[in-house]
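Here is a short report on a strand sheet and a helix pair. The sequence and structure come first.

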Protein chains: 2
Amino acid sequence: MNIGIDLGGSHIAAGLVTNDGELLGKSTIPSSLGRSYEDLMADSAELCRKLLYDSGMNIGEIKSIGIGMPGAANNASGTVTCPSTLKFYNVPIREEFRKHLDFDVQIENDANCAALGESISGAARGSQTSVTITLGTGLGGGIIIDGKIFSGFNFAGSEMGHMVIVLGGNQCSCGRKGCWEAYSSATALVESAVRALEEEKNSEIYKLAGGDISKINGKLIFDAAKKCDPVAQKVLGQYVTYLAEGIANIINIIMPEVFVIGGGVGQQGDYLLNLLEPEVSKLVYDGGCPGTTLKTAELGNDAGIIGAAMLGR
Amino acid sequence: MNIGIDLGGSHIAAGLVTNDGELLGKSTIPSSLGRSYEDLMADSAELCRKLLYDSGMNIGEIKSIGIGMPGAANNASGTVTCPSTLKFYNVPIREEFRKHLDFDVQIENDANCAALGESISGAARGSQTSVTITLGTGLGGGIIIDGKIFSGFNFAGSEMGHMVIVLGGNQCSCGRKGCWEAYSSATALVESAVRALEEEKNSEIYKLAGGDISKINGKLIFDAAKKCDPVAQKVLGQYVTYLAEGIANIINIIMPEVFVIGGGVGQQGDYLLNLLEPEVSKLVYDGGCPGTTLKTAELGNDAGIIGAAMLGR
C-alpha cells in the first residue's frame, strides 16, 4: 500500500493507493496559499496519520509516500523551488516531513504526478510513453517516458503551457506573449466567450449564466455549444483550433503513444475528442507512421494523488 | 572500432570511429535522390569494405556499424519509412545491407545520429540530456535522454522544426503555416535577406553576393552584419528573435542540460551565441532553477557519422 499527497493552493488531499494505482480512500483538509512549508508538512503528515487510522493500518504496511506540489521538485535532494504560487525557494520538504512522520517521502511536481497517475491506472495505462496536459486555470503538463516521469535535467521541464504558438500574441502570466496557455487553458476559453458576448449577448451562454458574465465557466460554454448556440460554437471552434495546434506541436516533438487531456475541459470526453481529432490529425507531421492516440483523462482530480503514491513504487 | 554511415541525398559518407566517438578516417561517394534502397545498401556496404581495406582492418575488429538516414528508422524491425526525400515505405534496410556484408547494422534517423554524436564527443559531451538542432535547408532536431536517442514511441518524434510558433504564419513545406522551420532554417534566413534587399539594395549583402541575389547564403549575411551593415543586422536581429522563441519553447518542454545549434548557422559560434543568449534567457520559464547551456555544434558534418557509429556501443 502507498500514500499519495496532492498539495494544492486551496487544499491538501491524501489517499491510500494500491501498488497497481487503485485509489482506496482519501481525505482532504483545507489549506491556503502563503502558508509556510513547515505548516504544510505538519498538515500533510497529519493527513497520513488520519488515513492510516481510518483504515486500521500502520506505517509499516506502507511501501511509499509521495507528495505532489507546484514548482520544481528535486527528488534527489528532497527540496522544492516554486517562486510563483507557493513562494518556496529550495526548501527541504523531505527533511521537514520527517520531523512529523518517520518516512522517506518522494517529491514531485503535481502536473508530473497527474501524468504518472494517468499512465499507470488512467487513460494512458499500458503505454510506455505518454503526455498528459491539464486544462484549468493554467495549462500544465507532464511527460512519461519508459514508464517514468521525465522533467529535464533540473526537474523544471515539461512546462508545455509556456510554448509560444502565436508570436507576439496574447499576454501570458509568464511574461511571454502568445503562449499556448494563453489560448488553451480553461481561463482562456472563458475569456474568449466573454469577449464574444460583448459583441453578441443573444447567446445560450448568457442565458445559462443567468445573465451574469462572472458565472461563465468552461462547462457552460460546452453546454451552450451542445444546444447548437452559434456564439458558443464559434468560441469553441476557435478554442479547438488553438488546442489542436499546441497538441500537434507536442506530438511532433515528443511523439507519445497516448496524449491525455485532463482538467475541466477534459471532462467533456468524446464531445471534445470528436472536435479535436480531425484538427490534430491534419496538423501532425507523421511521416507515414502510426500516430499518437488522443484520449481524455480518466482519473480526474485523483490523478495527482495516485501519481504521487506511485513515485516510489 | 565502429563504422558510421551517413546516407544523404547527395552523397553517402562513412567513417571509422573509436568507442569514445573519435573519427579516425572517412570516405565519401556521390549519390542522388531517387535511387533504390537496394542500390544504396550495396554502395554503403562497399564503402565499409573500402574503409576496412584502407585501414588494414578486418570486419572481425568492428564492434558496431550504424546507418543514419532521413525519415523514421525502426531499429527494432530494421525498416525505414521516409515518404518525403528518399521515398521509402517500410523498406528492410538491415536485411538488404546484410546481403552485401554479413553484419547486423543499427539504423536511425540522421538528425538523431547528429544529436547522439554531439552528445558523445561534441558540444554536449558529458551531459545526459541534450537537444541538438541542425539549421540548414530545413530545421532538424534530435533529443538525447539519459545518453540515448529519444524519438517517441514510433521513432517519428523530435520533428521540432514542425512546431508552429506563428499561428497562420509563413507556409511550411509540411503543409502547416508558421512552423519554426519556416522562420529559423538557413533557407528562411536567406529568404528574409532577399526580401529585405528588394526594398533596399544599398547593402553589404548585395555587394558580397556580387550583385547576384541567387548567391546569397547564410554565411554571407553574417559576414555583412559583422561589417555593421544595417540591412544585414536588421535581418539577423529578426532571425535571432524567431530562433530564440523556438529554442525557449523546446527548453520549456524538454529542459535539456545542453542545447546545441548545428548546421551552417551554428558555424557562426560565439558571434551567434552572443546574439542569441540574451534573447533566450529572457524567454525561458525557468522557475528559478539553473538553466540550459546554449552551445554551437563542434562536429560539423561528421556528427551524423559519429552518432551512427555509436548506435551499437
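Asn74(A) has Thr79(A) as its bridge partner in E6(A). Strand E6 (residues 79-82) of chain A runs antiparallel to E5(A), and three bridges join them. Strands here are DSSP runs (E, at least two residues), numbered from the N terminus. Two strands pair if DSSP finds at least two bridges between them.

This is a predicted model, in which local features need pLDDT of at least 70, side-chain atom pairs count only at pLDDT 80 or more, and totals for chains, interfaces and linings use all residues. Residues are numbered from 1 along each chain as its sequence is written, chains are lettered from A and ligands numbered from 1 in the order in which they are written, and side-chain values use heavy atoms, with hydrogens and water left out.

The open sheet has three strands in the order E5-E6-E7 (chain A), with antiparallel pairing. E5 (72-74) and E7 (88-92) of chain A stand at the edges; each has a single partner strand, so one side of each lacks a neighbour in the sheet.

| Helix pair | Residues | Angle | Axis distance |
|---|---|---|---|
| H1(B) and H2(B) | 37-55 and 93-100 | about 50 degrees | 8 Å |

That makes H1(B) oblique to H2(B). Angles under 35 degrees count as roughly parallel, over 145 as roughly antiparallel, 65 to 115 as roughly perpendicular and the rest as oblique. The contact (heavy atoms within 4.5 Å) includes Tyr37(B) and Met41(B) of H1(B), and Ile93(B) and Phe97(B) of H2(B).

Technical notes. Axes are lines fitted to C-alpha atoms, for helices over the stretch in contact, and angles run from 0 to 180 degrees between N-to-C directions. Helices (H or I, at least four residues) and strands (E, at least two) are DSSP runs, numbered from the N terminus.
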